[in-house]
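Me: I'd like to learn how to read strands and their pairing. Could you walk me through it with an example?

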Amino acid sequence: MKNSERIFAAANEVIPNGVSSPMRTFSLVGGSPIILESAKGSKIIDVDGREYTDFLSGFGAIYLGHSRTEISNAVSEQLDKGLVVGLSTEIEQQLAKKIVDSTSAIDKLRFVVSGSEAVMTALRIARAYTNRKLFLKFVGSYHGHADALLAQPEGNEGVATKGTTNGVAEHNVLLCEYNNSEQLREIFETHGDQIAAVIVEPFATNMGFVKPQQGFHQNIRQLCNDYGSLFIFDEVVTGFRFRFGGVSELLDVDPDLTTFGKIIGGGAPVGAYGGKEKFMKLVEIGNKVFQSGTFAGNPITMSAGNAALDIMAQPGFYEKMDAKGKLLESEIKTHFAKFDIPFHFTRFGALSGIAFRRSEADMKSYSDVKQQEYDVFKNTHLVMREKGYLMAPSLEEPIFLTDAHSEEDIKGFAKALAETIAEQLQKHF
């Protein structure tokens, strides 16, 4: 028995499914779960000694490569000063200032421990500010695992998100198709005076990779203005990925509240929510919204986050990441053409996705996402692992490039991916 199989079997004795987060079972793509031994740069090594070039990248939390020296040194230095002190630190203020100064939509910000917590608190602020209960989210989007964020209103069984809340929160949630401004307008015309907030990802990154249509976010902004609702931009994945700060400025959008996670922690657990002063005042002591956390703003995460943002603030960093994205796009399109693969590649900066469906058009909604050939992806994923490349174990996750990916990594991945998809398509048809 392999070490990974032995450890996973033992884990199943004490942990449901043997994992602390469902994706780690690899149940959507098959094969045994990877049990990590170590990670450095673009490579990870499992407990059986197999090396993979990593395009999962911690589901997007790793943006500078694994075990980046500057981050490791900052964390190591902090370890000697204390893991958790339950008090404020100067490095917490320093990281907050970097984030606030990066994005004009934010006057103040607070740290939590995960993106789920950040979104949960932002919704609570919206409800408190508007004194309304309803919030609107988009079909197929994922904003964390709190009850309200997983709620699936009655009559929408065909567009299930994830999990169940046993009806606890469904009556407070409205669903709209992503990129469907007309449907959004109709919902506001019916429920607008009851909607506390609309929450949306700038790019839908839990549907693979779906870009917003021209004017989509601006329409949301205008409807929120017209009906007195708050506009929440969930930048847990996109924050600091395309520029130093939120992507809202690149998209010419001015949200009321913004949530962050992943990249700003430099690989350590983190979340943050921020926004205009008049909304953030609600979490001040004695005001309407209570939020606290023993590990919020913990020194280890703050030291890692400061080190990460210092690297990303260097001139040319985002141009370099965009160049990596362009290289991946060029290589994949070249190899797809060579093998006559009918799938469509889409990209923004260093974030990209492949629609496993026979269309040259960008996917616009979750209905498009569900038209993909999931079996082809599943078998592709298994073979790519055998070839030493790790992708996200779900077709509904993007391809995450990091600063550590070399030209050789990217070219090798693109060639192996195209060859594998071509083989799978031949087997299926």
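Reply: Gladly! Two strands count as paired if DSSP finds at least two bridges between them. Keep in mind that this model is predicted. With that cut-off, five bridges join β9 to strand β10 (residues 271–275), and the two run antiparallel. Within this pair, Thr259 stands opposite Tyr273 in β10.

Me: Which strand pairs with β9 in the parallel sense?

Reply: In general, strands of a sheet pair through backbone hydrogen bonds, either parallel or antiparallel. Here the parallel partner is strand β8 (residues 230–234), joined to β9 over three bridges. Look for Phe233, whose bridge partner in β9 is Thr258.

Me: Which way do the residues of β9 point, and are they buried or exposed?

Reply: The side chains of a regular strand alternate between the two faces of the sheet. From β9, Leu257, Thr259 and Gly261 point one way, while Thr258 and Phe260 point the other way, and all are buried. For a second case, take strand β6 (residues 173–176): Val173 and Leu175 point one way, Leu174 and Cys176 the other, and all are buried. Strand β5 (residues 134–138) pairs with β6 in the parallel sense over four bridges, and Lys137 stands opposite Leu175 there.

Me: In what order do the strands of the open sheet come?

Reply: The order is β1-β2-β3-β13, four strands with mixed pairing. At the edges are β1 (36–40) and β13 (389–390), each of which pairs on one side only. Inside that order, three bridges join β2 (residues 43–46) to β3 (residues 51–54) in antiparallel fashion, and Ile44 has Tyr52 in β3 as its bridge partner.

Conventions
Residues are numbered from 1 along each chain as its sequence is written. This is a predicted model: local features need pLDDT of at least 70, side-chain atom pairs count only at pLDDT 80 or more; totals for chains, interfaces and linings use all residues. Side-chain values use heavy atoms; hydrogens and water are left out. Buried means under 20% relative accessible area, exposed over 50%, partly exposed in between (1.4 Å probe, protein chains only).
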